[in-house]
Amino acid sequence: MGGSKIEGGTSSSSAAPVINRRDPYEVLNVSTDSSEQEIKSAYRKLALKYHPDKNVDNPEASELFKEVAYSYNILSDPEKRRQYDNAGFEAIDADGTDMEIDLSNLGTVNTMFAALFSKLGVPIKTTISTNVLEEALAGSITVKPLTLGSSISGKVDKQAAHFYDVTVTEEQAKAGIVVRVTSTAQSKFKLLYFEKDVGGGYNLALQEDSEKTGKVTSAGMYFLHFQVYRMDSSVNALEMAKDPETAFFKRLEGLQPCEVMEIRAGTHTFAVYGDNFFKTASYTIEALCAVTHESSTHKLKDVEQQILRKRNELRQFETDYRKALAQFQEVTNRYTQEKQNVDELLKQRESIQSAFTANKSVILGSKMSNGGGNNRADSSPREEDGKDKSAKKRWFNLSLKFSADKKI
């Protein structure tokens, strides 16, 4: 089927870790070898006991509720539980957790902030109102029939739910059942599945959050007798938002296996929960028997298997890509450094060449002319100096005599 398991007062939620965190097993009062069902039951009781809606005047209960929710978030997830068992909270902190909030308990200002962050793409999971869950548990809900092969459209208030009963025959159950909800208004909603309680009420068992697919939002539960997967867009969402490359490589990591693959004959209760921050959610719910969609059933199974194979390929490719990218960055850095080195060497060469200036050449030429240019470079400087002085003297005397004769 397509839906994530949820228990008790809220869905599997995570709260910000407290400074002095207790062992999750201790918080839920379960043993380290407790089964999934035992952990689920313990969480359900404690979540309802400490939920803020039931403890308005007890701020300590709110903190205990967060601790219970945080502990359940770890132990209800097989991978996080394994990480915690092996390495404690450090492994969980490194892996990261998603925040879930109960909109019915936020207040107007905080709801506006939550809506803003959601609009900006920050993943904010929401829990289901305790009032809705308690009314269902008490059996004080109105349930409408939804016939297989039909659809019903409606508008559900925020943090409220519309309930529907789907009756399935043995033959239909064997063929497989699909329940889908779509919203052309792109409303946010949750598709819920409830199990009948021994006390006559309804316990929340499965949940599927709406996802935007094209121009609509949709959610579905698929009871087709083989493993079906759901896409959880909140997985690695913050990390993906920071890095386009990570967004590509982690895109398929959100494909998570649905817990239930088949449904028995009988009457089953589903609900559409309004998950918009401020307004009602418009939706259309429909229930189908897979016998009339045999081709689509086979195609769904085939394409999801292809996606799983592609996810494994991308994991290996990411390793190769990161390695090649690191090498590319290394050679790029070397290229930049080598370019600088070449530029510097050429600059030094030019500087040295510029030392051979035109002025130095004239001086050198003058000296060569005074030397006669006929292999007299070995003449002593004293002799040359004497001749120069004698020449200057004779020229000086001639000038004086010329001036005297003319008597100018």
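## A buried serine in a loop

Ser 187 is buried, with a relative accessible area of 4%. Here, buried means under 20% relative accessible area, exposed means over 50%, and partly exposed is in between, using a 1.4 Å probe and protein chains only. The model is predicted, so local features need pLDDT of at least 70 and side-chain atom pairs count only at pLDDT 80 or more, while totals for chains, interfaces and linings use all residues. Residues are numbered from 1 along each chain as its sequence is written, and side-chain values use heavy atoms, with hydrogens and water left out.

To find Ser 187, look in the loop between strand S7 (177–183) and strand S8 (189–196). Leaving aside neighbours within four places in sequence, Ser 187 is in contact (heavy atoms within 4.5 Å) with Ser 210, Thr 217, Asn 276, Thr 280, Ala 281 and Ser 282.

## The chain as a whole

Stepping back, the protein chain has 13 helices and 15 strands. Both are DSSP runs numbered from the N terminus: helices are H or I with at least four residues, and strands are E with at least two. Of the 408 residues of the protein chain, 36% count as buried. Among contacts with a separation of 6 or more, 75% are accounted for by residues 24 or more positions apart.

## Two helices side by side

How do helix H2 and helix H3 pack, and at what angle? Helix H2 (residues 36–50) and helix H3 (residues 59–75) pack at an angle of about 160°, with their axes 9 Å apart. That makes H2 roughly antiparallel to H3. The axes are lines fitted to C-alpha atoms, for helices over the stretch in contact, and angles run from 0 to 180 degrees between N-to-C directions. Angles under 35 degrees count as roughly parallel, over 145 as roughly antiparallel, 65 to 115 as roughly perpendicular and the rest as oblique.

On the H2 side, Ile 39, Lys 40, Tyr 43, Leu 46, Ala 47 and Tyr 50 take part in the contact, and the residues they meet in H3 include Leu 64, Phe 65, Val 68 and Tyr 72. By class, the contact of H2 with H3 has 12 nonpolar, 1 polar and 1 charged residues. Ala, Val, Leu, Ile, Met, Phe, Trp, Tyr, Cys and Pro count as nonpolar, Asp, Glu, Lys and Arg as charged, and the others, Gly among them, as polar.

## Aromatic pairs

The structure holds 10 aromatic pairs. Rings of Phe, Tyr and Trp (its six-membered ring) pair if their centres lie within 6.5 Å; planes under 30 degrees apart count as stacked, over 60 as edge-to-face and the rest as tilted. One of the pairs is Tyr 193 with Phe 270, whose ring centres are 5.1 Å apart and whose planes stand at 50°, so the pair is tilted. Tyr 193 lies in strand S8 and Phe 270 in strand S14 (residues 266–274), so the pair ties together parts that are 77 residues apart in sequence. Tyr 193 is buried at 11% relative accessible area, and Phe 270 is buried at 1%.

The rings of Phe 249 and Phe 317 have their centres 5.6 Å apart and their planes at 55°, so this pair is tilted. Phe 249 sits in helix H10 (residues 244–249) and Phe 317 in helix H11, 68 residues apart. Phe 249 is buried, at 4%, whereas Phe 317 is partly exposed, at 41%. Phe 248, Phe 249, Phe 317 and Tyr 321 form one aromatic cluster.
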